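Please look over the structure below. The notes that follow brief a new reader, topic by topic.

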Amino acid sequence: MTTTTPPVTLDDVRDAARRLKVVAHRTPVLRSRTLDALVGAEVFLKCENFQRVGAFKFRGAYNAASRLTPEQLARGIAAYSSGNHAQAVALAARELGTTAVIVMPEDAPRSKRAATEGYGAEIVTYDRYTGDRTAIAEALAAERGLAVVPPYDHPHVIAGQGTAALELLDEVGELGALLTPVGGGGLMAGSATAAKGLHPGIRLIGVEPEAGDDTKRSLEAGRRIEIPVPRTIADGQALQTPGELTFSVNRRLVDAVALVSDDEIRDAMRFAFERLKIVVEPSGATPLAALLTGRAGPLPDRVGVIVSGGNIDADRFAELCGHREEERAEGHA
């Protein structure tokens, strides 16, 4: 009888945590009595919007980049991202004394592009609806001799992302369920590895925008499903298919995937701003939306949520949340 060794283990996540201890923030865990009352459970929000670069992505990017050889670092790093991983790799490269070239979609949020450039990275743009970002990045890497740090489909990236869940459980103890956003699947794969490694009975619930339900479809089919490029305000989750490596982990460990609409995401962003006093970007708000709408299903007494990021500029935030308020006003007129 043969057994398959998982690509990422709890020990890998712990090793990543040791590597990140001196460079990443240990982000706060917030509580809200109002939120607890609304969902009927104790909710613990792991606020990665307070992480360096404003999102969890720094954890995985630095863990992977810091393991490159001195020769690789001397030549530089390439990456592809809609924004948060771009910033994370750019900052990791700066911390490690090397350079970064990032392939970003032309319609990436202005704030994310500006921040990436601010960390010193070179940006190459493409059309997300017609271009293949992976192929573009790999061609650049081959031409320039760069090391590619992918946004999710890499064991060191996955292990780094899992450190957020590791910190949460270390601080608050055992939880009955953990909710995270799902895009390429790196955060969920790392979180599931850490959480189920510590507490096998915990329920892992991923959350996707309705328009980008590739992981939900893939888990139901038992294989990776490709969908058209999603059109959703949750730009960090606008992917066509789960990662190969991340799906192999999530297929074993994830219990369910909930879907939320763009309007529900807007409502969750407003709730976070008005009641929790934090700014959350659309992708980071999807698990909160699933809680507030009941789409996460019946909940245990203690629930963890990874708020994955807060990278959204003031104009975009006002556009999304102000628009939702106007719709409500019109509905009551």
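Searching the whole structure, a predicted model, turns up two aromatic pairs. Rings of Phe, Tyr and Trp (its six-membered ring) pair if their centres lie within 6.5 Å; planes under 30 degrees apart are stacked, over 60 edge-to-face, and the rest tilted. A pair of aromatic rings is described by the distance of the centres and the angle of the planes.

**Aromatic pairs**

- The rings of F58 and Y62 have centres 5.7 Å apart and planes at 35°, so this pair is tilted.
- F58 and Y62 are four residues apart in helix α3 (residues 57-65), about one helical turn. Helices here are DSSP runs of H or I with at least four residues, strands are runs of E with at least two, and both are numbered from the N terminus.
- F58 is buried at 0% relative accessibility, and Y62 is buried at 10%. Buried means under 20% relative accessible area, exposed means over 50%, and partly exposed lies in between (1.4 Å probe, protein chains only).
- The rings of F273 and F317 have centres 5.2 Å apart and planes at 55°, so this pair is tilted.
- F273 belongs to helix α12 and F317 to helix α14 (residues 314-332), so the pair ties together parts that are 44 residues apart in sequence.
- F273 is partly exposed, with a relative accessible area of 43%. F317 is buried at 13%.

**How the model was read**

- Residues are numbered from 1 along each chain as its sequence is written, and side-chain values use heavy atoms, leaving out hydrogens and water.
- Because the model is predicted, local features need pLDDT of at least 70 and side-chain atom pairs count only at pLDDT 80 or more, while totals for chains, interfaces and linings use all residues.

**Charges over rings**

- R31 lies over the face of F44, at 4.4 Å from the ring centre. A charge sits over a ring if NZ of Lys or CZ of Arg is within 6 Å of the ring centre and within 35 degrees of the ring normal.
- The charged end of R231 sits over the ring of Y129, 4.0 Å from the centre of that ring.

**Salt bridges**

- The whole structure holds 22 salt bridges. Each has a side-chain nitrogen of Lys or Arg within 4 Å of a carboxyl oxygen of Asp or Glu.
- One network of salt bridges links R31, D36, E42 and R302.
- D36 and R31 meet through their side chains at 2.5 Å, N to O. D36 is buried, with a relative accessible area of 14%, and R31 is partly exposed, with 40%.
- E42 also forms a salt bridge with R31, and the closest N and O atoms are 3.8 Å apart. E42 lies in strand β2 (residues 42-47) and R31 in the loop between β1 (29-30) and α2 (33-39), so the pair ties together parts that are eleven residues apart in sequence.
- E42 is partly exposed, at 35% relative accessible area.
- In another salt bridge, the side chains of D263 and R266 meet at 2.5 Å, N to O. Both residues lie in helix α12 (residues 262-276), three residues apart, about one turn of the helix.
- D263 is partly exposed at 27% relative accessibility, whereas R266 is buried at 12%.

**The open sheet**

- Four strands form an open sheet in the order β5-β4-β3-β6, with parallel pairing. β5 (122-126) and β6 (147-148) stand at the edges, each with a single partner strand, so one side of each has no neighbour in the sheet.
- Two strands pair if DSSP finds at least two bridges between them.
- Strands β3 (residues 77-80) and β4 (residues 100-105) run parallel and are joined by four bridges. I77 has A100 as its bridge partner in β4.

**Around strand β8**

- Six of the seven residues of strand β8 (residues 203-209) are buried.
- Strand β7 (residues 177-181) runs parallel to β8, and five bridges join them. The partner of A177 in β8 is R203.
- From β7 the chain crosses through helix α9 (residues 186-198) to β8, in a right-handed β-α-β crossover. Right-handed means that, with the strands pointing away from the viewer, the path from the first strand over the helix to the second runs clockwise.
- β8 also pairs in the parallel sense with strand β9 (residues 256-260), over five bridges. V207 stands opposite A258 in β9.
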